[in-house]
Amino acid sequence: MNGKVYLVGAGPGDPGLITVRGAACLRRADTVVYDRLVAPELLAYAPEHAERIYVGKASSDHTLPQAEINRLLVERAHAGRCVVRLKGGDPFVFGRGGEEALALVEAGIAFEIVPGVSSSIAAPAYAGIPLTHRGVAASFAVHTGHRAAGADPAGPNAGPDAGPAAADTLVYLMGVENLEAIAAELLAAGRAADTPAALIHRGTTPRQRTVIGRLDNIVELARGVPPPALLVVGQVVALRDRLNWFEARPLAGRRILVTRTRGQAGELAAMLAEEGAEAIEFPTISIEPVADAAALDAALLAAYDWIVFTSANGVQAAWARLAALGRDARAFAGARLCAIGPATAAELARRGLIADFVPAEYVAEAVVAGLDVAAGQRVLLPRADIARPDLAEGLRRRGARVDEVVAYRTRIAGPADPRAAEIAAMLARGEIDALTFASSSAVRGFVAALGLADGGRPRGWAWPRVACIGPITARTAREMGAPVDVIAETYTLPGLVAALKSYFASLEGH
Ligand code: SAH
């Protein structure tokens, strides 16, 4: 039986702007055929088994000619596959989606169109430009920039009323190369030379950049802005003065490296992105189970007065072993629980347990000072293989009988890390504004991955700003030769993000 083809609009760039229906189609795709302007994150919706076929389609160098794309869709559908043709923006707005649909009709293949958020609407929205506005603009038109240069013939209905001045607000896609011809055409058609104009580059993505000018100088001002970009012409552009929100976010335009474990990096990256940053994940440590769990197993089943968790990883590792032993949280029924900070406490809460003690400052010293432990009481410390000795020593000084058990291993990256060269190249090109470290081991992993482990100095690049989650991590960073610019006041991820925000805000103030 034949499969079906879904022509799906991927949205303008921000992966959050795909439709619910579009994401559902991707989730059951066997084949995804996608374009250059599609947000790469969207491919993750497709099942692992799905084949992902890139067909390019930059405006000039088509990787696969349109006829080949049509043939590919038909052929995969004939093979019974569920095919998603994922196209930038909306499939029927200058995407040649109509041609692809016609090819499917001709071949007798069933298809559906899933509209998308077109860049023609979304990029102006993210630039703070409403396409219509009471008293300012009552209509808008979306044009191809190829036509002004004579490359794309007008449709049969293009009488004098369909000309470039037919709507109040004009949007031009694919117009970067022909900006000059477009502006000239509009001036010739009677648009005023001082009509506000905006060129929006990579709208809705962390790299969005907007050049504002007038019809008579936008060509000059926007020189060098590469595609993809779109042009907006009309009085509504002036509203951006007050409505610009996206590029005004505190970390907009900042590229920030996140160096946690693969599993944890996403959380910090999402928080940074929410503030406008482009977060780049570079996992420099990985958490692995201990090779021999006998000591941990025995400790988990023994009786303690306190169990002190110093990281969410420790909680996860303890639970992994409990599960393996066929036990649950009741194994801890007789003990009081300490969490070093809110993230660790939240990890306990997820398992139905309320931490009895969380110190006000999220460091070992605060646990030593504040834990309600009497001399002779037993304390279990499920910890990382590379943890500092301070906590156990401090509690012993208070008379506690402390068992330290390695609950998980922290493996730091090495120079063989496949992404290290890529990151070093970005650093060398000055493309990274800040590094973030949420633990001492993340610092060690970064330093090892970039070949600075034995006191080596950066070769070919200079340290960008370095931001650390707290004083201990900052000390490690300094010991490893990194100049630390930012230390969070609260030693949490939100604290780290807040510190970065005020740091960059203070830079802009000068
Ligand atoms: N179907 C798409 C448009 C395809 S034509 C849609 O509805 O958005 C490709 C042109 O769209 C590019 O040359 C550029 O002018 C514009 N474009 C696409 N994504 C863009 C973005 N994120 N920012 C600015 N312009 C974009």
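Colleague: Is Thr 259 buried or exposed?

Modeller: Buried means under 20% relative accessible area, exposed over 50%, and partly exposed in between, with a 1.4 Å probe and protein chains only. Thr 259 has a relative accessible area of 0%, so Thr 259 is buried. This is a predicted model, in which local features need pLDDT of at least 70, side-chain atom pairs count only at pLDDT 80 or more, and totals for chains, interfaces and linings use all residues. Residues are numbered from 1 along each chain as its sequence is written, and side-chain values use heavy atoms, with hydrogens and water left out.

Colleague: Where is the place of Thr 259?

Modeller: Helices (H or I, at least four residues) and strands (E, at least two) are DSSP runs, numbered from the N terminus. Thr 259 sits in the loop between strand 11 (255–258) and helix 9 (262–274). Its C-alpha is 6.4 Å in space from that of Glu 281, although Thr 259 and Glu 281 are 22 residues apart in sequence.

Colleague: How is a pair of aromatic rings described?

Modeller: By the distance of the centres and the angle of the planes. Rings of Phe, Tyr and Trp (its six-membered ring) pair if their centres lie within 6.5 Å; planes under 30 degrees apart count as stacked, over 60 as edge-to-face and the rest as tilted. The whole structure holds 12 aromatic pairs. Trp 319 and Phe 332 form an edge-to-face pair, with 5.3 Å centre to centre and 80° between the planes.

Colleague: Which parts does the pair of Trp 319 and Phe 332 tie together?

Modeller: Trp 319 lies in helix 11 (residues 312–324) and Phe 332 in the loop between helix 11 and strand 15 (336–339), so the pair ties together parts that are 13 residues apart in sequence. Trp 319 is buried at 14% relative accessible area, and Phe 332 is buried at 4%.

Colleague: Why does the ligand lie between domain 1 and domain 2?

Modeller: Domain bounds come from an automatic or database domain assignment. Domain 1 (4–117) and domain 2 (121–243) both give residues to the shell around the ligand, so the ligand lies between them.
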